[in-house]
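Subject: Handover of a structure, with findings

Dear colleague,

I am passing the structure below to you for your records. Please read the notes that follow it alongside the sequence and the coordinates.

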Amino acid sequence: MYKGFAEPREEPVMSEQVPETRPKPAVAMKPTAGLNPNLLGYIGIDTIIEQMRKKTMRTGFDFNIMVVGQSGLGKSTLVNTLFKSQVSRKSSGWSREEKIPKTVEIKAISHVIEEGGVKMKLTVIDTPGFGDQINNENCWEPIEKFINEQYEKFLKEEVNIARKKRIPDTRVHCCLYFISPTGHSLRPLDLEFMKHLSKVVNIIPVIAKADTMTLEEKTEFKQRVRKELEMNGIEFYPQKEFDEDQEDKSENDKIRDSMPFAVVGSDKEFQVNGKRVLGRRTPWGIIEVENLAHCEFALLRDFVIRTHLQDLKEVTHNIHYETYRAKRLNDNGGLPPVSEDSHESNI
């Protein structure tokens, strides 16, 4: 009798068949790692990039670049060469006979340039008179003040109750600092400027008029400049601490090893081997601006415009502006300061 009760418990067939005949649920379960999500149907997430592109095409964007350096280093010419148009102050009423002011001034000129349907409001901020005085003590202060004033303007717009849908962005995204091609070392003014301004803006040092040096002199001067900047604790863009991942670090390390870029600017065209090229005529031949064998202008252009333009804007907003914003709000109990005599930007 006990044996009869034990026999049904030993039948494994019934217990194994139940889960096999259970019908599959009507709603698909969460896909596992090995399951191809495409089998579940098209969602359309990949169109987000196209949506962003169309919106940017309609609204355009801003880019504000500042040029700083002694008079006669070709700052205006280089910016015009960068954007292949007359965007610097030469095209806005400055004649060759007009004397450049010998005190540090801030002059900003804006243009809307368009390429491939993409519009960009480009603002070039010049600083005529910088470094031209006999006594250049604290001559960077007007420039630092101007940069902070743009942060202040953005902050005040940002904390308004009824703020604009799109806040005008006059913040300086990039500062090209022109180093004189002495071939020896940086001047104390160069070091002091970059030491103070590297904390508030993205500084990109460039060696101006590189055609005045031989290839050996240029290589040695670049190495000497990098060593002096490192010894003085000056970090230029792209800063190592802002590298996001290994790929980003690897790419930026190559750029940092090439800086400061030794450049030549020219907005004149010449015929070379049947092609029209930008260059400068010398008794020894034509210096081609976009030829890497002649200068590093092409590296600077690709870096500033083609690979890191958006990152320059993001570092300005997420690092420099946020640092200023946090300090100002902390100093004023969470409220932005209101200054009656605040200097209005001429951008």
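Predicted model: local features only at pLDDT ≥ 70, side-chain atom pairs only at ≥ 80, totals over all residues.

Strands and sheet

An open sheet of 6 strands is present, with mixed pairing and the order β2-β3-β1-β4-β5-β6. Its edge strands are β2 (107–115) and β6 (261–262), each of which pairs on one side only. Strand β5 (residues 203–207) and β6 run parallel and are joined by 2 bridges. In this pairing, Ile 207 stands opposite Ala 262 of β6.

Strands β8 (residues 275–282) and β9 (residues 285–288) pair in the antiparallel sense, over 4 bridges. Together β8 and β9 form a hairpin, with 2 residues between them. Thr 282 stands opposite Gly 285 in β9.

Phe 261 lies in strand β6. Is Phe 261 buried or exposed? Its relative accessible area is 2%, and because buried means under 20%, Phe 261 counts as buried. Leaving aside neighbours within four places in sequence, Phe 261 is in contact with Pro 205, Val 206, Ile 207, Lys 222, Ile 255, Glu 296, Leu 299, Leu 300 and Phe 303. For one of these residues, Leu 299, the C-alpha atom is separated from that of Phe 261 by 7.5 Å, and the two residues are 38 apart along the chain.

Salt bridges

Side chains of opposite charge can pair when their charged atoms come close. How many salt bridges does the structure hold? The count is 19, and three of them are described here.

The side chains of Arg 325 and Glu 158 meet in a salt bridge at 3.6 Å, N to O. This pair links distant parts of the chain, since Arg 325 belongs to helix α10 and Glu 158 to helix α5 (residues 141–158), 167 residues apart. Arg 325 is partly exposed, at 29% relative accessibility.

A salt bridge also forms between the side chains of Lys 164 and Glu 157, at 3.9 Å, N to O. Both partners are partly exposed: Lys 164 has a relative accessibility of 46%, and Glu 157 has a relative accessible area of 24%.

Within helix α9 (residues 297–307), Asp 302 and Arg 306 are 4 residues apart, about one turn of the helix. Their side chains meet in a salt bridge at 3.5 Å, N to O. Asp 302 is partly exposed, with a relative accessible area of 27%, whereas Arg 306 is exposed, with 58%. Salt bridges that share partners join Asp 302 and Arg 306 with Lys 84, Glu 290 and Arg 301 into one network.

Surface patch

Which residues make the nonpolar surface patch of about 580 Å²? The patch is made by Ile 43, Ile 45, Ile 48, Ile 49 and Met 52. Ile 45 is placed in the loop between α2 (12–21) and α3 (48–59). With a relative accessible area of 57%, Ile 45 is exposed, because exposed means over 50%.

With kind regards

Note on methods
Residues numbered from 1 in each chain as written. Heavy atoms only, no water. Patch = residues over 30% accessible without salt bridge, like charges linked within 9 Å, V, L, I, M, F, W, Y side chains within 5 Å. Areas by Shrake-Rupley, 256 points an atom, 1.4 Å probe, with all protein chains shown as cover. Salt bridge = Lys/Arg side-chain N within 4 Å of Asp/Glu carboxyl O. Buried < 20%, exposed > 50% of the residue type's maximum accessible area, 1.4 Å probe, protein only. Pairing = 2+ DSSP bridges. Contact = heavy atoms within 4.5 Å.
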